[in-house]
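These are my notebook entries on a single protein model. I looked up its pockets, helices, salt bridges and surface in turn.

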Amino acid sequence: ARMIFTALFDSAVADGYIRTNPCRNKTARPHKGAEGTHRELTPEEDALLFAVDHPLRPAVMLMRYAGLRRGEALAINAARDIDFAKKEIYVRRAVTYTSNQPIVKKPKTDAGARTVPLFDVLCAELNGIDGYIAKSKQHNGIMSESAFRSAWASYLNAVECHINGYTQKRWYGNTRADKAVIESGGTLPPWKTFDVRPHDLRHSFCTMLRDAGVDMHLTMEWMGHGDEKMILKIYDHVNEERRKNAVKPVEKIMHGGQNGGQTKNDTSKNL
């Protein structure tokens, strides 16, 4: 029976229905569901992305304002993959890891190889960079997985220090001012955190496109998806701002303003 179930799950993994075979992987966990666990950033969090000057910031911006996956962003070489004159980003490679070692491959699907617009905010951020956007002194300039994790933790720490008004988190509570507060019987405010994950940036990019009214086919193309199901289930949130913006054009059509028909006031006169 175990052999049969193992073979069935192997087939399901190969066909893309599941990610791991629970018969082979002791650490396998259930799928997280159709809605996923990632989210779009708030406007306040978006502003904080620009608040600190950090070596990883260009890669962070690439994930946020081009919707690239982590591996795709780490594989981008500015001289090779970005045309600043045409304002285009060419996604043709992605970094995967085996025992912490980076391996550069083609995107995992045909749709993953794509061209993404280089928006102005990203153009200003990346202009002047030579070589890989996320630089490393090892592995021919490509970050190892542990190096990226360390850089990401450092970036989050830098943002949190900015939010809380400190230079380093580990000194929180140890400055003269902090000690004076504690010695006087007071308490320090809770440390404000910046809880953002790399894939949240890609999530926010897709939501931004849909809020801006970008055509679904273009959204699919820029996100690197072969169909719209993933976008509709995982990425495409209907927020309050989109609800408000959707009402106005519908009302305009109802009142005839768009096609030159009667307005509300014209109708009331006829009545």
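Entry 1, second largest pocket. I count a residue as lining a pocket when one of its atoms lies within 4 Å of a point of that pocket. The model is predicted. On that criterion, I found that H9 gives the largest share of the lining of the second largest pocket, 4 residues. The space in this pocket comes to about 200 Å³. Its lining consists of Glu 40, Leu 41, Thr 42, Pro 43, Asp 46, Arg 64, Ser 204, Thr 207, Met 208 and Asp 211. Two or more of the lining residues come from helix H2 (43–48), and likewise from helix H9 (198–211).

I asked how many of the 10 residues of helix H3 (residues 57–66) are buried. The count is 10 of the 10, so the helix is largely enclosed by the rest of the structure. Among these buried residues are Arg 57, Arg 64 and Tyr 65. Just after H3, I noted a positive phi of about 70° at Gly 67.

I found 11 salt bridges in the structure. Arg 57 pairs with Glu 125, with 2.9 Å between the closest N and O atoms. Because Arg 57 lies in helix H3 and Glu 125 in helix H6 (residues 120–126), this pair ties together parts that are 68 residues apart in sequence. I found both Arg 57 and Glu 125 to be buried.

I next looked up Arg 114 and Glu 72, whose side chains meet in a salt bridge at 2.8 Å, N to O. This pair links distant parts of the chain, with Arg 114 in strand E5 (residues 114–117) and Glu 72 in helix H4 (residues 70–74), 42 residues apart. Shared partners join Arg 69, Glu 72 and Arg 114 into one network of salt bridges. Both Arg 114 and Glu 72 are buried.

Arg 39 and Glu 45 form a further salt bridge, their closest N and O atoms being 2.9 Å apart. Here I noted that Arg 39 is partly exposed at 29% relative accessible area, whereas Glu 45 is buried at 13%.

In H10 (residues 216–223), I listed Met 216, Thr 219, Met 220, Trp 222 and Met 223 as buried. At the start of H10, a side-chain oxygen of Asp 215 comes within 2.8 Å of the backbone nitrogen of His 217. Gly 224 follows H10 and has a positive phi, near 80°.

Ile 4 is placed in helix H1 (residues 2–14). Is Ile 4 buried or exposed? I recorded it as exposed, because its relative accessibility is 55% and the cut-off for exposed is over 50%.

Notes: Residues are numbered from 1 along each chain as its sequence is written. Side-chain values use heavy atoms; hydrogens and water are left out. Buried means under 20% relative accessible area, exposed over 50%, partly exposed in between (1.4 Å probe, protein chains only). A polar contact is a pair of N or O atoms within 3.5 Å; within protein, one must be able to donate a hydrogen and the other to accept it, and residues adjacent in sequence count only if both atoms are side-chain atoms. On a 1 Å grid over the protein atoms alone, a cavity is a set of points where a 1.4 Å probe fits but cannot get out, and a pocket is an open set with protein on both sides within 12 Å along at least five of seven lines; lining residues have an atom within 4 Å of a point. Grid points are joined across faces, edges and corners, and a volume is the space filled by probe spheres set on the points. A salt bridge is a side-chain nitrogen of Lys or Arg within 4 Å of a carboxyl oxygen of Asp or Glu.
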